[in-house]
Structures are given as structure tokens and as C-alpha cells.
Amino acid sequence: MNDAKKGRNKHVGPRAERPIWVGVTDAERLTITETARAVRLPVSALLRKLALGYQPPSLIDQETLLTIIKLRGDFGRLGGLLKLWLVEEPGKAISDNEVRAALDMILMKQSELTDLIGQLSEIIPAKP
């Protein structure tokens, strides 16, 4: 009779012959279980791989980082258009103060994105 018929779960990869029991708190168990689910591995496989030097994939991948970089570029272009508008069409429809306030906000958000990109690039492994 195979494992599926006996009601046992199918295991991913080779079945370990010698288990190692590790005591954890309820909170630790929950965190470990959630991490295993997030990286789509059974708990035992995740723990075995981590103990052997495995680096689980980042929850934020490089595509997300590239999207943020593009957003920073969009802020830069928008700021450039506002600057051009201030020079070419000052005071039309919107006061200079409102445009300058919007420009300052864009520059601040662009700076925040730059800081975020720096932090993310440190934790996201480069694709091979």
C-alpha cells in the first residue's frame, strides 16, 4: 500500500532517516510555519536547508526593486516638468507657491525612494 493510501503526506525531496527534535515556543512554531509556507517548503525541509546554509528567497524580489527604481525616475521626470512649467508659464492657473510646494514634495518622495532602494538592494540577492 502506498503512502497516499495510508493517509500520509507526500514529502518533498528525500525522506530524512534520522530526525532531530528541536523545542520551540508556540510563537516560534508559528513564525517557522509561516516562513515555510511563504517559501513553499515543508517545515522540515526549510529547517534542514537553513541549517545547511540555504538562503530562502526574498519576499521582495528584483522585479519589485526595478518597479521602485522606475517610480523614482517618474518622480524625477515629473519634477522636471514642474520646473519647466515654472520657467515657461509662471503663475498661470496655479500659483508659484503651490507648484514649488508640489515640487518640494516630489523631491522629498524621490529622496525617500532613493533611501528605500539602497536598503532593498542590500537585502535582495542579485539574480545569477
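Tutor: Start with a salt bridge. E112 pairs with K109, and their closest N and O atoms are 3.6 Å apart. Keep in mind that this is a predicted model.

Student: Why does 3.6 Å count as a salt bridge?

Tutor: The cut-off is 4 Å between a side-chain nitrogen of Lys or Arg and a carboxyl oxygen of Asp or Glu. E112 and K109 have N and O atoms 3.6 Å apart, so the pair qualifies.

Student: How are E112 and K109 placed in helix α4?

Tutor: They are 3 residues apart in α4 (residues 96-123), so about one helical turn separates them.

Student: How many salt bridges does the whole structure hold?

Tutor: A search finds 2. D74 and R77 also form one, with N to O at 2.5 Å. Both residues sit in helix α3 (residues 62-88), 3 residues apart, or about one turn. D74 is partly exposed at 42% relative accessible area. R77 reaches 52%, so R77 counts as exposed.

Student: Now the overall fold. How many helices and strands are there?

Tutor: Count the elements, then read them in order. The chain has 4 helices and 0 strands. Along the sequence, the pattern is α-α-α-α.

Student: What follows α1?

Tutor: R40 does, and its phi is positive, near 60 degrees.

Student: What about the segment before α1?

Tutor: Look at I20, which lies there. At 73% relative accessibility, I20 counts as exposed. Together with V22 and V24, I20 makes a nonpolar surface patch of about 320 Å².

Student: How much of the chain is buried?

Tutor: Of its 128 residues, 13% count as buried. The chain exposes about 10600 Å², and carbon and sulfur atoms supply 58% of that area.

Student: Last one. What share of contacts joins residues at least 24 apart?

Tutor: Take the contacts between residues at least 6 apart in sequence. Of these, 54% join residues at least 24 apart.

Methods. Residues numbered from 1 in each chain as written. Predicted model: local features only at pLDDT ≥ 70, side-chain atom pairs only at ≥ 80, totals over all residues. Heavy atoms only, no water. Helix = DSSP H or I, 4+ residues; strand = E, 2+ residues; numbered from the N terminus. Buried < 20%, exposed > 50% of the residue type's maximum accessible area, 1.4 Å probe, protein only. Contact = heavy atoms within 4.5 Å. Areas by Shrake-Rupley, 256 points an atom, 1.4 Å probe, with all protein chains shown as cover. Patch = residues over 30% accessible without salt bridge, like charges linked within 9 Å, V, L, I, M, F, W, Y side chains within 5 Å.
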